[in-house]
Amino acid sequence: MFQYCLFDLDGTLTDPGEGITRCVQYALRSLGIEEPDLKKLEPFIGPPLTDSFMEFYGLTREQAVRAVEAYRERFAPVGIFENCVYDGIPRLLEEMKSAGVTLAVASSKPECFVHRILDRFGIEKYFDVIVGSELDGARSAKEEVVEEALLRLGVGEISGEERKRRCAMVGDRKFDIQGARAHGLTGVGVRFGYAPQGELEAEGADYIADTVADLAAFLLDTEEKEPDGPGDGL
């Protein structure tokens, strides 16, 4: 069993699809761009918003910053709670906590919003450390978020294979696996989130869970585990 486990938020602990896509739609409209198809906006779930506005709609950085400001106009009072916890997640967190695992959240969402969401759904109590980005866009890359979470957890003395054996990062997108790899953690992907088909395998996730039940079976396994390689959970 892992001693430390970091979780992504969007697409991993909660399903934020409605809130994020409607807020992106609102932000685009503020710039004169109409996008009626909310499914087309699902790639915004996970990566830093500024990067996504530039990548998917060709905005300049200045325009993207304005879009993020508009996004938050709707997100802070409304979109933040157009969200729900995935079935089985509270029980998983409770069981991991009871087993002595130290839990953290490592999200690219602004940290103040992460706290509000976790508190709203009654799961903040399970986490020893909660890390997100800053409202000004600082610490938005997943590698930076994971680094800060590990610093707050005080696991700097753990290195090499020992770190990979004792520490895991769970997320639904390639960015989570990249963050895990950058800091020597076991990268655990979840397929019930928002990754395009094949993304987690291509990024080299050490284990991939199809369901929350699969994730629980892997994380709560009391036997010593050595990840076998990409797609181990297929």
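User: Which residue is the bridge partner of A104 in β5?

Analyst: Some ground rules come before that: this is a predicted model, where local features need pLDDT of at least 70, side-chain atom pairs count only at pLDDT 80 or more, and totals for chains, interfaces and linings use all residues. Residues are numbered from 1 along each chain as its sequence is written, and side-chain values use heavy atoms, with hydrogens and water left out. Strands (E, at least two residues) and helices (H or I, at least four) are DSSP runs numbered from the N terminus, and two strands pair if DSSP finds at least two bridges between them. Here, the partner of A104 in β5 is V129. β4 and β5 (residues 129–133) run parallel, joined by four bridges.

User: What is the bridge partner of L6 in β4?

Analyst: That's A104. β1 (residues 4–7) pairs with β4 in the parallel sense, also over four bridges.

User: How many residues of β4 are buried?

Analyst: Buried means under 20% relative accessible area, exposed over 50%, and partly exposed in between, using a 1.4 Å probe and protein chains only. In β4 (residues 102–110), eight of the nine residues are buried.

User: And D176, is that buried or exposed?

Analyst: D176 is buried because its relative accessible area is 2%. You'll find D176 in helix α8 (residues 174–182). Contact means heavy atoms within 4.5 Å; leaving aside residues up to four places away in sequence, D176 touches D8, K142, M169 and G171.
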